[in-house]
Amino acid sequence: MTTQAVQAQIQLSTGEIVDLQSTVTDGSSQELKTSASVISGGGISAQSLGTYADGKTISAILQPPTPASGSISWAYLQRNGAILSCLPVAAHGVVSQPIPFAIRLRAGDTIQVFTRAAAAPRDVSLNVVTQSGTHAIFTAVNSASTTNNLTHILNSQSLGENLANQRIMSHYANSTNGATMRGGSVLYINDRGLPAGSCIAINPNNLQMQPNSMATAVIGLNFQASTVTTA
């Protein structure tokens, strides 16, 4: 199994800057902890973010989770084993501005990340927020010239099974192979096989990820989040 370093940086409402860095195993969900070596002789011991900043509020993401050499498919803030908040991911040198954030941390909260050794894998990940405040991430590894259905990263449910009767209010998707996807996007396919919404897939190696509220949809039980690949 390959490994690589992932780093991130956040600002707390107290004005504190928290640097995070961990060596993670590619291809599985791993925790990103506080950095034990910001500078020679400095830093703090590696620990979960919620443990370090219990009761404090994240006010901005200065650097989203960023891999050292490969790629990162998704990241999220975890609480009690569930997705508390989706987190954007990035590549070195691409982030152009801090991202406002407002979540009060508790002991036990962690940041989870999923990396790949390859710089341009066929992974595609969809991050959504619904009107009820539910955050969810769906992912797939695109096969060539076919329809690929994304499933939830925690329970493998489809889009409809997980979010039935909820309206997506905000979404963003990331993939390094969007050029092989029709429309360059993840499609929300309804029970008649028609696209009811879509989310353009951003290549984090080229552009900073930003949520958007265009082409969202009310999700039905039999909906799928799908990509249709041409190669």
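The model is predicted, so local features are given where pLDDT is at least 70 and side-chain atom pairs where it is 80 or more, while totals for chains, interfaces and linings use all residues. Residues are numbered from 1 along each chain as its sequence is written, and side-chain values use heavy atoms, with hydrogens and water left out. Helices (H or I, at least four residues) and strands (E, at least two) are DSSP runs numbered from the N terminus, and two strands are said to pair if DSSP finds at least two bridges between them.

**The four-stranded sheet**

- Four strands in the order E3-E8-E5-E6 make up an open sheet with antiparallel pairing.
- E3 and strand E6 (82-87) stand at the edges, and because each has a single partner strand, one side of each is left without a neighbour in the sheet.
- Direction ignored, neighbouring strands of this sheet are turned by 40° against each other on average, where axes are lines fitted to C-alpha atoms (for helices over the stretch in contact) and angles run from 0 to 180 degrees between N-to-C directions.
- Strand E8 (residues 110-116) is mostly covered, with six of its seven residues buried; buried means under 20% relative accessible area, exposed over 50%, and partly exposed in between (1.4 Å probe, protein chains only).
- Strand E3 (residues 30-32) is joined to E8 over three antiparallel bridges, and Gln 30 stands opposite Val 113 in E8.
- Strand E5 (residues 71-79) pairs with E8 in the antiparallel sense over seven bridges, and the bridge partner of Gln 78 in E8 is Thr 110.
- E5 also pairs with E6, in the antiparallel sense over five bridges, with Cys 86 in E6 as the bridge partner of Tyr 76.

**The eight-stranded sheet**

- An open sheet of eight strands runs in the order E11-E16-E14-E15-E13-E9-E10-E12, and its pairing is mixed.
- Its edge strands, strand E11 (147-149) and strand E12 (151-152), each pair on one side only.
- Strand E10 (residues 135-141) meets E12 in the antiparallel sense over two bridges, and Phe 138 has His 152 in E12 as its bridge partner.

**The cavity**

- A search of the whole structure finds one cavity of 30 Å³ or more; on a 1 Å grid over the protein atoms alone, a cavity is a set of points where a 1.4 Å probe fits but cannot get out, and lining residues have an atom within 4 Å of a point.
- The largest cavity holds about 70 Å³ of space, where grid points are joined across faces, edges and corners and a volume is the space filled by probe spheres set on the points.
- Its lining consists of Ala 8, Ile 10, Ile 58, Ile 61, Gln 63, Pro 65, Leu 77, Leu 87, Phe 101 and Ile 111.
- Strand E1 (3-12) and strand E4 (57-67) are the elements that give two or more residues to this lining, and E4 supplies the largest share, four residues.
- The lining residues divide into nine nonpolar, one polar and no charged, with Ala, Val, Leu, Ile, Met, Phe, Trp, Tyr, Cys and Pro counted as nonpolar, Asp, Glu, Lys and Arg as charged, and the others, Gly among them, as polar.

**Positive phi in two loops**

- Most residues other than glycine have a negative phi.
- Asn 80, although not a glycine, has a positive phi of about 55°; Asn 80 is found in the loop between E5 and E6 and counts as exposed at 76% relative accessibility.
- Ser 156, also not a glycine, has a positive phi of about 65°; Ser 156 lies in the loop between E12 and helix H2 (159-163) and is exposed, with a relative accessible area of 53%.

Key. 1 Å grid on protein atoms, 1.4 Å probe; cavity = no way out; pocket = protein on both sides within 12 Å on 5 of 7 lines; lining within 4 Å.
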